[in-house]
Amino acid sequence: MTTATSAASAGARREGPGRTERPRRPAGPAPTTMAQAINRALRDAMAEDDTVHVLGEDVGALGGVFRVTDGLTAEFGEDRCTDTPLAEAGILGTATGMAMYGLRPVVEMQFDAFAYPAFEQLVSHVARMRNRTRGALPMPLTIRIPYGGGIGGVEHHSDSSEAYYMATPGLHVVTPATVADAYGMLRRAIASDDPVVFLEPKRLYWSKETLDLSEPPRTEPFGRAAVRRAGTSATLITYGPSLPVCLEAAEAAREEGWELEVLDLRTLVPFDDETVCAAVRRTGRAVVVHEATGFAGPGAEIAARITERCFHHLQAPVLRVTGFDIPYPPPMLEKHHLPGVDRILDAVARLQWESQYTEGGTP
Amino acid sequence: MTVLEQTPGRDDSGARPTPTAAWRPRTDPAALLPDETPFRLLGTSARLDKERKELWRELYRRLVHGRRYNQQATALTKQGRLAVYPSSTGQEACEVAAALALSEQDWLFPSYRDTLAAVARGLDPVQALTLLRGDWHTGYDPRETRVAPLSTPLATQLPHAVGLAHAARLRGDDVVALAMVGDGGTSEGDFHEALNFAAVWKAPVVFLVQNNGFAISVPLAKQTAAPSIAHKAVGYGMPGRLVDGNDAPAVHQVLAEAVERARSGGGPTLVEALTYRVEAHTNADDATRYRSDDEVAPWREHDPVRVLERELRQRRLLTDAEAEEAAADAERMAARLRDRMNAEPLLDPRDLFAHVYAEPTTQLREQDAMLRAELAAEDEPGEPGAAGHDHQHDQQHEREHQHEHQHQDQERAA
């Protein structure tokens, strides 16, 4: 970018006033929540690169409704972590202009369903800017969206909107399921020269892992799924908020004699066909689990890809355990909607286990 | 302004004033209101120094050029060389003045009807017309002339202008963004959000609304009940200016003042230019279905090229020879544009995968390979006229590039 030089010199000028020292976190492993890991990733990215700017509603003094941006305005000033007017299209639209000038904006959409006003900017501009300008204007932009249910949120606070973004070429769509990934994947998202929709499973914000953030975790690049549990009977393919549910289901399945493999996709776009197909070739059976609605949902794409690529290794049709095809239910009824351990085990039970005897498959 | 004169009220007990009694407007709305009549310079006794005389003459040459560009582009649709052309005929004063009001380092954010403004700013006309020819979307490198990609979704480019100008200011750079939109576009939410963000951030932005009377077929009365579009500025806390959009010197002066205001930290301005879309929405539109010739006729009289030419001649600032030279220069531009647009555009289907991501995904590589295999199959010997396609293609590519560069150099020299 032509602005790179002036950007660097301007950055030097802006050091100093307004920056306050925050107490350093003690070195060494400590229990860390996903919200803290994301906060730390933002802070480290902002400290390393003064073109990183955070924008959103209530991200300043309040530190965000989930406290994910806590302390960033105090540390970096209002120009770096900015409370915007309450208008999502305006937030993403202005962030697009900032990215055109060579900055690396990180936009917070307060909740999944409140990101929809920004959809036109995302689809018609952010996702295609590189393409329409033949690579002249990349969009190094991260759009953080807390998503999914299970927190007792009232209407419009629990959507799983990933399929909309997955259907838009030009976007990366990623979602961490572990605290370490939340840190590492957000750092990768901010460093990416392509726009990244970074979906944060809000019911995992308070999940904890013991991490040493003085030596930040390194994570796999986008497009690599992770095997979170080894198993030979069948593969549960999942991501984000459904990972802990699948791990619990896999534990419970041992009582039935099944050893379930659990695959965490991590990034929905780009999609890791290789790891998914390798898993299905090993186990011959697969269940896709996600909160989003099933019809034309991510599971439909995943099942189709598996069928196209490893049909002859399948012992049973790929099944899906997803949210129902209904508007996200009110909080007092959401437990019936969300994929749970029992529903996952029921699906596993329907994977035509008798066929292993008729076709000589190995248990 | 009685509200401004209110003093905090006290009740009889002498207790603390009520919060609402202490209310005042945060800014004086009167200072933001547009004038009651559109600002004009043509037909007034405005005195011109040497610099302004030269500016008016320059505006005239640019207007003649712009009119010829519009005519040529429209003709190219009839010859099938452009997929579509939304003409700015009758609006050349706004298009040209917008480009001329900006300095080298500033940015222009045009809509799809503003290719003339982009060309006037220095963008190669063939590149400006790429979108409308259909060989790529916008294609050109916006950083070279600081012309943002032409925006087809209405008003969505306005928040980009705000963000870019805001970013530049945060970096300490002297950059103003001028964003163009039509009267129809002011109904979009992005118009509102852009103006609101710009005012709150005091971003160095100028919003130019060309009120040309129509959003395709829908007249302004069905678009807004506001006293004027310029009045909307008051709601955002920025000044609104109203200008005769067919008076090129007036448009230039109002925009130049707004640009200077933005540059010096004064924040954004909303400018409404009253003009008229003399042609149909595009070559594919039929304007007779929604307006009569009687309505168009007075606007043909109040034509931006004609009124400026008349004034220049009255003021003895334009000779017959100069007018002929301007027309001849425009004719040469049109001929060059015609020649270049008559050359087949270079199409490479393999480009489809080139700029989706910085690095193509595995899936895109697979699809790219599939397309390459299809193209190779088409080139198999036996397919009519296809042998050696790739080699020829590459040579043509090379020639085309040289050709383009030569033309660009000529245009710039001219």
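Chain B holds 16 helices and 7 strands; helices (H or I, at least four residues) and strands (E, at least two) are DSSP runs, numbered from the N terminus. The model is predicted: local features need pLDDT of at least 70, side-chain atom pairs count only at pLDDT 80 or more, and totals for chains, interfaces and linings use all residues. Residues are numbered from 1 along each chain as its sequence is written, and chains are lettered from A and ligands numbered from 1 in the order in which they are written.

Of the 414 residues of chain B, 43% count as buried. A residue is buried if 20 or more other C-beta atoms lie within 10 Å of its own, exposed if 12 or fewer, and partly exposed in between, with C-beta atoms placed from the backbone. Among contacts in chain B between residues at least 6 apart in sequence, 74% join residues at least 24 apart; two residues are in contact if their C-beta atoms, placed from the backbone, lie within 7 Å. The domain assignment divides chain B into domain 1 (37-342) and domain 2 (349-413), where the bounds come from an automatic or database domain assignment. The C-alpha centres of domain 1 of chain B and domain 2 of chain B are 35 Å apart.

Strand S2 (residues 177-182) of chain B has 6 of its 6 residues buried, so it is largely enclosed by the rest of the structure. Ala177(B), Ala179(B) and Val181(B) point one way from S2(B), while Leu178(B), Met180(B) and Gly182(B) point the other way. S2(B) pairs with strand S1 (residues 107-109) of chain B in the parallel sense over 3 bridges, two strands being paired if DSSP finds at least two bridges between them. Within this pairing, Phe109(B) has Ala179(B) as its bridge partner in S2(B). S2(B) is also joined by 6 bridges to strand S3 (residues 205-211) of chain B, and these two run parallel. Here the bridge partner of Gly182(B) in S3(B) is Gln210(B). S2(B), H9(B) and S3(B) make a right-handed β-α-β unit; a crossover is right-handed if, with the strands pointing away from the viewer, the path from the first strand over the helix to the second runs clockwise.

Next comes the contact between the chains. It takes 38 residues from chain B and 40 residues from chain A. On the side of chain B that touches chain A, the elements that give two or more residues are helix H7 (142-145), helix H8 (157-170), helix H9 (189-201) and helix H15 (362-379) of chain B. H8(B) gives the most to this side, with 10 residues. By class, the side of chain B that touches chain A has 18 nonpolar, 14 polar and 6 charged residues. In this count Ala, Val, Leu, Ile, Met, Phe, Trp, Tyr, Cys and Pro are nonpolar, Asp, Glu, Lys and Arg are charged, and the others, Gly among them, are polar.

Which residues does Thr96(A) touch? Not counting residues up to four places away in sequence, Thr96(A) touches Gln121(A), His125(A), Val126(A), Met139(A), Leu141(A), His160(B) and Gly163(B). Thr96(A) lies in helix H4 (residues 88-100) of chain A and is buried, with 28 other C-beta atoms within 10 Å.

Chain A is assigned domain 1 (33-211) and domain 2 (226-358), with C-alpha centres that lie 27 Å apart. In the contact between them, 26 residues of domain 1 of chain A meet 22 residues of domain 2 of chain A. Helix H7 (162-166), strand S6 (172-174), H8 and strand S7 (196-201) of chain A each supply at least two residues of the domain 1 side. H8(A) is mostly covered, with 11 of its 13 residues buried.

A few backbone details remain. A cis peptide bond, with omega about 0 degrees, joins Val269(A) and Pro270(A). Pro270(A) is in the loop between strand S12 (267-269) and helix H10 (273-283) of chain A. Ala155(B), a residue other than glycine, has a positive phi near 70 degrees; Ala155(B) lies in the loop between H7 and H8 of chain B. Most residues other than glycine have a negative phi, and most peptide bonds are trans.
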